[in-house]
Amino acid sequence: MKQKRRLRTAACVLLAGTVLAAFVALAADAGSQGDPLVTLSYLNDTFLGQILETVDQKLAQRSQEMTAQFNLEIQEREQALLGQAAGGSAGSAASFTAVELADGQTLHGSAGCQVLLRSGAAVCYSPDRSTPGLVDLTSGGSINDGTALEANHLYMMTDSRGVTASGGPVTLLVLGDYAMG
């Protein structure tokens with residue numbers, strides 16, 4: 001919340017500075033020695049339009065820069081959190097990707113990460129044992145910490161949840177941000 005507030009404040013200050021700088025730059029051209037008179041119709045018809053166009057361009061450019069910077073910071077923080085939670089490797093899958101887990105290894109997913117158990121045995125992992133552990137999208141229910149996953153069921157993770165291989169290697173199809181540990 002504080003970061004969003006800071007970004008908004010910075011955007012407002014930058015907008016005000018841009019408007020002021022554009023006005024001063026355009027006003028410097030009007031009323032030169034060769035043409036000392038400035039008419040009201042010139043200000044309304046030409047000068048104001050130039051100012052507004054310049055301000056719109058600067059605002060659009062700065063908005064794109066801030067959006068790109070904000071998205072990059074969010075991605076970096078998500079990756080850092082996933083890496084801290086798992087203490088292992090991290091990944092992101094834009095489409096379903098096969099992931100192998102060794103016995104006892106846990107796959108931690110970010111909120112919205114989806115997994116489908118293809119082979120082996122695995123159980124739901126929830127660090128605080130709160131419910132739901134995983135949302136079973138196939139049956140429309142949910143499972144809690146320690147409950148076995150059913151083969152070919154699609155599960156969605158809520159915050160800091162995961163899947164732990166139990167009794168041998170496991171093959172999962174994963175969609176979304178995840179880390180293994």
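**Contacts, core and surface**

Tutor: This is a predicted model. Start with T164: beyond its neighbours within four places in sequence, it contacts G104, Q105, T106, A121, A122, V123 and Y125.

Student: Which element is T164 found in?

Tutor: T164 belongs to strand β8.

Student: And is T164 buried or exposed?

Tutor: T164 is buried, because its relative accessibility is 14% and the cut-off for buried is under 20%.

Student: What does the T164 side chain join in a polar contact?

Tutor: The side chain of T106, at 2.8 Å.

Student: Switching to the largest nonpolar core. Which residues touch the most other members?

Tutor: L107, L134, L149, V163, L172 and V174, out of 20 residues in that core.

Student: Which elements give two or more residues to this core?

Tutor: They are β1 (90–101), β3 (114–119), β4 (122–125), β7 (154–157), β8 (161–165) and β9 (170–180). β9 gives the most, with five residues.

Student: Take L149. What is it in contact with, leaving aside neighbours within four places in sequence?

Tutor: L149 contacts L117, A122, V123, C124, L134, I143, Y155 and V163. L134 and V163 are also on the list of core residues that touch the most other members.

Student: Now the surface. Which residues form a nonpolar patch there?

Tutor: V38, L40, Y42 and L43. Together they have about 340 Å² of accessible area.

Student: Where is L40, and is it buried or exposed?

Tutor: L40 is in helix α2, residues 40–86. L40 counts as exposed because its relative accessible area is 61%, and exposed means over 50%.

Student: What about A94, buried or exposed?

Tutor: Exposed, at 82% relative accessibility. A94 sits in strand β1.

Student: How many residues apart in sequence are A94 and G176, and how far apart in space?

Tutor: They are 82 residues apart in sequence, and 6.2 Å apart in space, C-alpha to C-alpha.

Student: Last topic, salt bridges. How many does the count come to?

Tutor: One. The side chains of E65 and R62 meet in a salt bridge, at 3.0 Å from N to O.

Student: Where do E65 and R62 lie?

Tutor: Both are in helix α2. They are three residues apart, about one turn of the helix.

Student: How accessible are E65 and R62?

Tutor: E65 is partly exposed at 38% relative accessibility. R62 is partly exposed too, at 30%.

Technical notes. Residues numbered from 1 in each chain as written. Predicted model: local features only at pLDDT ≥ 70, side-chain atom pairs only at ≥ 80, totals over all residues. Heavy atoms only, no water. Core = buried A, V, L, I, M, F, W, Y, C linked by side-chain atoms within 4.5 Å. Buried < 20%, exposed > 50% of the residue type's maximum accessible area, 1.4 Å probe, protein only. Helix = DSSP H or I, 4+ residues; strand = E, 2+ residues; numbered from the N terminus. Contact = heavy atoms within 4.5 Å. Polar contact = N/O pair within 3.5 Å; in protein donor to acceptor, adjacent residues only side chain to side chain. Patch = residues over 30% accessible without salt bridge, like charges linked within 9 Å, V, L, I, M, F, W, Y side chains within 5 Å. Areas by Shrake-Rupley, 256 points an atom, 1.4 Å probe, with all protein chains shown as cover. Salt bridge = Lys/Arg side-chain N within 4 Å of Asp/Glu carboxyl O.
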